[in-house]
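Please read it beside the model shown here.

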Amino acid sequence: MRKRTQLAHPWLKSESWALWEWWLLATVIGGFLGLAIAATTSVVSSNSESVNTVAPLYLIGALGGAALGLTQWLVLRRYIKHVGWWIVATAIGAVIAWLIGLQVGVMLILIFFNNALFVKTSAALLSAIFLLGTWAGTVLGFCQWLVLRTHVRNGALWIAASALAWGLALLVAWIGAALVKPGKFELETALVGVATGAATGVVIGAITGVALVWLLKPRLLKHHSK
């Protein structure tokens, strides 16, 4: 038994690293799809006077969450069977986060843009942004945990990891937005937007990926022992 465990360690390390890498990539791609959906929805809604201002938020949350859930599901299904509800759970969590939490963030952005205080960010504002991100991450993590809890032990760890990841990611997104000049859409703006989107995806994917590897370790060992 001891010899088998020792032999499993190199394999487990390699498999865990592969899982983390794929999860990171899936989260980054899902995040970019969400940004593309948000941008497209914003353009369409801004060109239509008949569209309700709240409707795009529902749409952005649902489609963006579904996109992220889909890319993550493509990785997760290799390790957990019958986990298709992950996509639905992620979409629902994203809608709730958008409508309750991230609307406050949008208002903060508008206030600080209009008062030319956006660059001079205070510690109190950074704390508020982090808490806003942790709220969104907690909501999303809880919805996803409802799917994970039937497959893994200590699934509540996922909620904590999601809260921390989204809190830090929203700070990164805020810093990236601070580098963009209001009202100017140039190549530099696009590059900053892409870099910011990638950075936020990396933060979320890296932190939640560590939690996922930890939660799935018993399954990896069980699969290897067969």
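The points below cover the basis of the model, its nonpolar core and its cavity.

1. The model is predicted, so that local features need pLDDT of at least 70 and side-chain atom pairs count only at pLDDT 80 or more, while totals for chains, interfaces and linings use all residues. Residues are numbered from 1 along each chain as its sequence is written, and side-chain values use heavy atoms, with hydrogens and water left out.

2. The largest nonpolar core has 21 residues. Such a core is a set of buried Ala, Val, Leu, Ile, Met, Phe, Trp, Tyr and Cys residues joined through side-chain atoms within 4.5 Å, buried being under 20% relative accessible area with a 1.4 Å probe, protein chains only. Helices H1 (2-46), H2, H3 (85-114), H4, H5 and H6 each give two or more residues to this core; H6 gives the most, with five.

3. Leu76 is among the residues with the most contacts inside this core, as are Trp86, Trp158 and Leu216. Beyond its neighbours within four places in sequence, Leu76 is in contact (heavy atoms within 4.5 Å) with Trp23, Val83, Trp86, Leu212 and Leu216.

4. The lining of the largest cavity includes Trp23, Leu68, Trp158 and Thr208; lining residues have an atom within 4 Å of a point of the cavity, a set of points on a 1 Å grid over the protein atoms alone where a 1.4 Å probe fits but cannot get out. H5 supplies the largest share of this lining, three residues.

Notes
1 Å grid on protein atoms, 1.4 Å probe; cavity = no way out; pocket = protein on both sides within 12 Å on 5 of 7 lines; lining within 4 Å. Helix = DSSP H or I, 4+ residues; strand = E, 2+ residues; numbered from the N terminus. Buried < 20%, exposed > 50% of the residue type's maximum accessible area, 1.4 Å probe, protein only.
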